[in-house]
Amino acid sequence: MLTMGLSIVSLARFQFAMTTVFHFFFVPFSIGMGFLVAIMETIYAVKKDKVYLDMAKFWGKIFLLSFAVGIVTGIIQEFQFGMNWSEYSRFMGDVFGAPLAIEALLAFFIESVFIGIWMFTWDRFKPGVHALMIWITSIGTMLSAIWILAANSFMQHPTGFKINNVTHRIQLTDFGAVIRNPQLWKVFPHVILAAFMTAAVVITGMSAWGLLRKKKNEHQFFKTSLRFGLWASLIFAILSAGAGDLQTQQIIKDQPMKFAATEGVYEDTKSPAPWTVVELINAKDHKAGSKIEVPGVLSLLAYHKLSGSVKGMNTINKELHAKYDKKFGKNMNYFVPPKTLFWSFRVMTGIDALIMLVSLVGLIFSRESRNTIENHKWMLVVLGICIWVPFIGNSAGWFITEFGRYPWIVYGLFTIAEAVSPTSTVASLLFSNIVYFLLFTLLGGVMIWYSRQTLHHGPYYEEIDSKQNVDPFAREAFGK
């Protein structure tokens, strides 16, 4: 059979990457959008300013779209776990199953129930009570993130377990240790704040396109949404950078190879360590080529002081061989993909800095004392194009998280090659990869098309059915 030189492991890894990235397009967006819509409705409940009610309803439609697509992509991701990673499921089932079960039975149940109540009860509750429904929904989405990240954090830094000497599987011994995992509480703030930033940038960008339409009845709505989105983008971009710094401190401790790769450090640096802006990496020979450095900055970023050296990948590789050779053999390659991590880190941090800059400039142009942003079409276009930017940044951050764990699927315990299903074939993986890609493309296209249609209709568009405003269980609904 024609396999084109493809391996089962590489195809399974590609499928995991594809399903994860597509799913991660929508999850942070829906988490952030739910949170920002809750803020909008709370402002309305407090100030009774109708524009914020209109904002909550309009942006709530985008939230519902992202929530629905996120559910579908999540189900597909579960399928690929079962098809391609059955050995991983056997090895990790006792630990991996618990947080995922809680996520489904508790957090997702909360989201599903209260999002339904919120959708259909705009005229049935007082503003404050109705706002509570979206707050509970938003909290549910964040609880879901905690349980998913608890499972992933165990894969990055295993805690609260033992290896059964008979079955050679992981057994959970301390569920509290899994929840207290320092990786979890360093990655969770970074992911959540990035989610808030993502939604804020999308609100800003779509509002910019709305202002470019120059419809008088929509002007105040999109102008208020724009300012709201710009402030949220700036605030959460700053906070996300701070949370990322805290996560980096944990990575230095738990996964030094990952950190060294993000900075392109092959050999131990001097003290203070220089920070590499750009570098030509020779991954084959494990050495750095031409590069541009800024003296002393890496020590400041890594240790928050003007001293301290950084251990290089070559040194760390030797240490990992000394630690794991008895278990995994002398031929194991512990080098992570350095080019992927090096440039992903720069893309992620560069995008965060770009969002800060663009948000600040947008706030200056749109300030009340000198409201000139609508006279600068180029600025509105820039804000509109930036809609796509945070999704690229989120994906780059996830690349760092997942590629940086190589060669393990559970750090120090179980390799990627060991985790693949023994029944998987190149043909089945190639077929499922194509099907999943087409399905994800369709879902993404549907999401973009409906979002564009929602923006095109504007905040004050009403469908024919909604104008009737008839209770489906009322007598009038049956023509009596």
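Guide: A pocket here is an open set of points on a 1 Å grid over the protein atoms alone, where a 1.4 Å probe fits, with protein on both sides within 12 Å along at least five of seven lines; lining residues have an atom within 4 Å of a point. This is a predicted model, where local features need pLDDT of at least 70, side-chain atom pairs count only at pLDDT 80 or more, and totals for linings use all residues. Residues are numbered from 1 along each chain, and side-chain values use heavy atoms, without hydrogens and water.

Visitor: Which residues lie nearest the centre of the second largest pocket?

Guide: His23, Gly74, Gln77, Glu103 and Ile148, out of 39 lining residues.

Visitor: Why is histidine 168 called exposed?

Guide: Exposed means over 50% relative accessible area (1.4 Å probe, protein chains only). Histidine 168 has 56% relative accessibility, so it counts as exposed.

Visitor: What is histidine 168 in contact with, leaving aside its neighbours within four places in sequence?

Guide: Contact means heavy atoms within 4.5 Å, and histidine 168 has such contacts with Phe91 and Ile163.

Visitor: Why are helix 1 and helix 6 called roughly perpendicular?

Guide: Helices are DSSP runs (H or I, at least four residues), numbered from the N terminus. Axes are lines fitted to C-alpha atoms over the stretch in contact, and angles run from 0 to 180 degrees between N-to-C directions. Roughly perpendicular covers 65 to 115 degrees. Helix 1 and helix 6 pack at about 75 degrees, with axes 7 Å apart, so the pair is roughly perpendicular.

Notes:
Buried < 20%, exposed > 50% of the residue type's maximum accessible area, 1.4 Å probe, protein only. Helix = DSSP H or I, 4+ residues; strand = E, 2+ residues; numbered from the N terminus. Parallel < 35°, antiparallel > 145°, perpendicular 65-115°, else oblique.
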